[in-house]
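Here is a short report for a first look. Keep the sequence and the 3D view open while reading.

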Amino acid sequence: MSKSLLIRMSLLLALVPLLAAPLTAAQDAPTYIARGPYPVGMLELVLNAESARPLPVTVWYPALNPDGLPEEILYDTGIRAVLPDIPDMMVHFPGRALLNASPDSAGGPYPLVVYSHSATASRFFTAFYQEHLASWGLVVMAAEHSGSAFTDGFVAPPPEVEVMPYALSVALRMADVKAELDYAEVMTAAGGELEGVIDTDRSAVIGWSLGGNTALVAAGARFDFANMTEWCAAESGREEHCRLLEYVSELASAFGIDPSSDGLWASQGDDRVDAIITMAQGWATAFGEEGYANITIPVMTMLGTGDPQFEIRRSYDLVSSAQKALVAFESAGHTIYGQCPPAFIEGSFPFCFDPMWDIAAAHEAINHLSVAFLLTTLRGDEDARAALAPEAVSFPDVTYEATGL
């Protein structure tokens with residue numbers, strides 16, 4: 001057993017339960033902080049099940065609940081596959097959804113959102129977020145990206161090569177997004193699991209950290225490794241943000257392309273994507289001015305001003321989008337976007353805690369602004385558009401900018 005795995009096991013087994021008190025929004029709170037009008041259904045899929053890299057996917061959607069059943073569910077982190085003796089309380093994320101509930105087709109078809117998790121995280125670290133979007137009339141698909149998922153963090157290779165699977169994941173994740181967009185067509189077709197429920201002509205991609213990088217690629221951002229090489233040469237002490245340069249040829253091979261001689265690659269995006277939200281995007285320097293400028297669809301950029309990831313704001317400043325918004329959390333780090341199971345405690349597992357922020361307060365702003373942005377850009381909802389006006393956005397310690405919204 002590796003030293004890395006032993007350390008992770010000792011941290012996890014030292015955790016104790018933490019009871020989180022539910023929050024209730026004030027009557028005059030921004031509209032989309034509150035849970036939306038739809039009960040939330042959830043179903044599980046495995047795409048490409050017969051391939052060498054099967055893709056587990058969870059789908060959240062507006063559902064029917066005629067019997068008024070409690071929306072209760074436990075999401076399995078999958079950690080028991082690598083730590084078989086771990087206590088039950090460490091395995092599950094409690095959520096608010098109805099397993100395999102009948103979809104509410106009357107209000108549909110609903111726009112599609114594809115969510116991409118952070119490196120060494122799980123799609124269930126943000127299940128509360130996917131549920132919230134679905135409660136407001138969106139269908140959300142989230143894959144577990146093999147090679148950079150939660151359980152991969154417990155079986156990581158030695159430090160000198162640990163970036164390798166994450167570098168390749170930049171390409172593998174884009175293939176995952178395309179597979180999800182493809183399967184959404186199957187799900188909503190006659191005889192599909194969500195027949196008539198998904199409007200595949202209106203789609204967004206959302207991602208946290210490496211998932212944010214995935215969203216940018218999906219939107220058409222062009223890799224510019226000449227720009228990244230120049231930046232890395234000038235920024236000593238930031239080697240961890242430049243190690244992607246060591247794997248340019250492997251990344252090109254994973255995309256199935258020949259890297260350009262000038263370092264600026266052709267877009268690897270998908271024309272079906274109509275809007276994106278990035279949360280603390282990873283490897284922001286992988287896209288130069290021309291690379292970001294290739295993005296023209298609506299973009300919402302979320303970041304913490306205390307985030308050790310560098311240059312994140314570039315995706316707001318440099319995209320060509322006529323509609324874009326910036327949400328900056330003062331002094332926040334990289335981890336305000338997730339939510340751990342109640343048994344995970346700060347200090348033992350800091351992945352979804354922040355020393356400067358109350359996570360529940362951060363999630364209120366994230367939920368509200370995400371829903372407003374998606375309903376505006378995917379449904380043309382004028383009430384949601386009004387909620388995005390700079391004068392309408394007021395959260396403590398959150399700086400908000402917007403263009404065209």
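Leaving aside its neighbours within four places in sequence, which residues is Arg123 in contact with? They are Glu44, Pro56, Val57, Thr58, His117, Gln130, Ala142, Ala143 and Glu144. Contact means heavy atoms within 4.5 Å.

This is a predicted model, where local features need pLDDT of at least 70, side-chain atom pairs count only at pLDDT 80 or more, and totals for chains, interfaces and linings use all residues. Residues are numbered from 1 along each chain as its sequence is written, and side-chain values use heavy atoms, without hydrogens or water.

Arg123 sits in the loop between β6 (110-116) and α2 (127-135). Strands (E, at least two residues) and helices (H or I, at least four) are DSSP runs, numbered from the N terminus. Arg123 is buried, with a relative accessible area of 7%. Buried means under 20% relative accessible area, with a 1.4 Å probe and protein chains only.

Glu44 leads on to strand β2 (residues 55-62), where its bridge partner is Thr58. Of the 8 residues in β2, 7 are buried. Two strands pair if DSSP finds at least two bridges between them.

| Partner of β2 | Bridges |
|---|---|
| β1 (residues 40-47) | 8 bridges |
| β7 (residues 139-143) | 4 bridges |

In β7, Ala142 stands opposite Thr58.

Notes:
Buried < 20%, exposed > 50% of the residue type's maximum accessible area, 1.4 Å probe, protein only.
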